[in-house]
Structure formats: structure tokens, C-alpha cells
Amino acid sequence: MNQLEPRLQKHVNLLMQRYPMLEKNKQDIICAYFIMEECYKQGGKLLVAGNGGSAADSEHIAGELMKRFKTPRPVSEEFARKLIAVDSEKGAALARNLECSLMAIPLVAHEALTTAYINDVDGLGVFAQQLFGFGREGDVFLGISTSGNSKNVINAAVVAKAMGIKIIGLTGADGGELSEISDITVKAPERETYRIQELHLPIYHCWCLMLEDKFFGK
């Protein structure tokens with residue numbers, strides 16, 4: 001088991017302090033973090049999917065990773081110079097305002113693509129199709145399902161497994177079928193959907209804070 005750096009451990013400690021019911025999930029939360037950390041170290045990306053409230057969570061996660069969460073993420077001085085070389089005025093403004101990203105794609109977006117696939121092919125394969133198109137070996141698929149049995153999420157996980165993409169499941173206490181195919185599953189210790197979702201948010205906020213601290217912290 002890898003050891004967390006103190007600056008990363010503090011985020012887990014705060015999560016446990018604020019949500020002591022997650023203590024039983026602590027090691028799984030850390031293991032899932034390390035899967036994402038390794039992915040980003042290798043230049044990979046995170047692909048996220050879920051339904052309903054979990055669809056909103058998918059976009060929320062991408063929003064936290066693709067721009068700053070808490071820590072400034074300025075572009076490099078080298079890239080700033082390239083921007084200014086292209087256009088001294090616009091480039092200077094972009095150099096000030098652009099923020100470095102950890103690439104994350106919410107598979108719940110892309111309405112034209114998803115509705116076309118649902119209409120023309122298969123509603124339950126809509127995430128699987130996008131993962132097959134966007135995903136590459138070494139990426140990570142984060143499947144969010146309170147029951148652990150969302151068929152479209154599990155279909156995407158099957159494709160991920162075939163492609164050599166690591167799978168993190170974020171579920172409720174039962175874990176469901178998703179936990180059987182995932183490399184690691186964080187099972188929020190609740191069974192009511194809304195209560196599971198209330199725990200999912202602080203878990204993925206913790207991941208986002210840890211990743212940001214790792215790659216952009218000082």
C-alpha cells in the first residue's frame with residue numbers, strides 16, 4: 001500500500017473528521033486516489049458517468065478537475081511566451097487567465113452524440129460507446145451508481161476492462177454488480193439514494209483536493 005504524502009493525508013483526515021461514518025471506507029478512498037494519481041502521472045484522463053444526481057456529480061467532478069478547485073494553476077512561463085508571441089494583447093490576457101487542467105470527460109454531456117446513439121442504436125450502450133471512443137489504455141473510468149446496478153454504467157465498465165482502463169466504482173453500501181467488475185469500489189455506507197449521494201460529494205471533493213495538491217500544490 002502506497003503511503004500518502006502529509007499534504008495529501010490532511011485532506012483524508014479532514015474528510016474522516018467531518019464524516020466519521022466514512023472511516024470504514026478510508027483505505028478504499030485512498031486506493032482509488034492512487035489509481036487516479038498514477039493515471040495523471042502517465043498523461044491519462046478520467047472518464048466519468050452516472051445517472052440522474054450521479055450525472056450531475058459527473059459534471060461536477062469534471063468542473064473541479066479541469067480548472068482550479070482551490071489552488072491557482074497558472075500556465076507555464078514558456079506557454080505564456082508562446083501565447084504572447086501569437087498575439088501580444090490577447091495572448092497576454094490568456095496567459096493570465098488560462099488554468100492548467102487534469103483532463104476529465106463527463107460521459108453524461110455531449111447531447112447530440114448521446115441522443116443520436118440512444119435513438120439509432122442502444123440506450124444502454126450510450127456510456128460504453130463514448131468510453132470506447134474517448135478512452136485509451138491507462139485512463140480511468142469512474143462509474144457512479146448508488147445501487148451499483150446501473151446497466152449503462154456497467155456496460156461502460158465492461159468496455160473499460162476490455163480496453164485496459166482502470167475502473168473505480170462509487171456506490172452505496174451494497175456495491176451491486178459494479179463492485180464485481182471495478183478495480184476498487186468505494187461503497188458509501190447508506191442505502192437510501194439521497195443519503196448515498198450526500199456522501200458521494202465529500203468523497204469526490206476529497207479526491208479533487210488531493211489531486212490538485214499533488215499536481216499543482218507547493
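Ser101 touches Leu65, Met66, Arg73 and Phe216, not counting residues up to four places away in sequence, where contact means heavy atoms within 4.5 Å. The model is predicted, so that local features need pLDDT of at least 70 and side-chain atom pairs count only at pLDDT 80 or more, while totals for chains, interfaces and linings use all residues. Residues are numbered from 1 along each chain as its sequence is written, and side-chain values use heavy atoms, with hydrogens and water left out.

Ser101 lies in the loop between α5 (88–97) and β2 (104–106); helices (H or I, at least four residues) and strands (E, at least two) are DSSP runs, numbered from the N terminus. With a relative accessible area of 37%, Ser101 is partly exposed. This class lies between buried, under 20% relative accessible area, and exposed, over 50% (1.4 Å probe, protein chains only). The side chain of Ser101 reaches the backbone oxygen of Met66 at 2.6 Å. A separation of 5.5 Å is found between the C-alpha atoms of Ser101 and Lys67, which are 34 residues apart along the chain.

Glu212, in helix α10 (residues 193–216), counts as buried because its relative accessibility is 1%. Beyond its neighbours within four places in sequence, the contacts of Glu212 include Lys67, Arg73, Leu102 and Gly217.

The whole structure contains 0 disulfides, a disulfide being a pair of cysteine sulfur atoms within 2.5 Å. For Cys31, the nearest cysteine sulfur is that of Cys206, 13 Å away. Cys100 is partly exposed, at 26% relative accessibility.

Methods:
A polar contact is a pair of N or O atoms within 3.5 Å; within protein, one must be able to donate a hydrogen and the other to accept it, and residues adjacent in sequence count only if both atoms are side-chain atoms.
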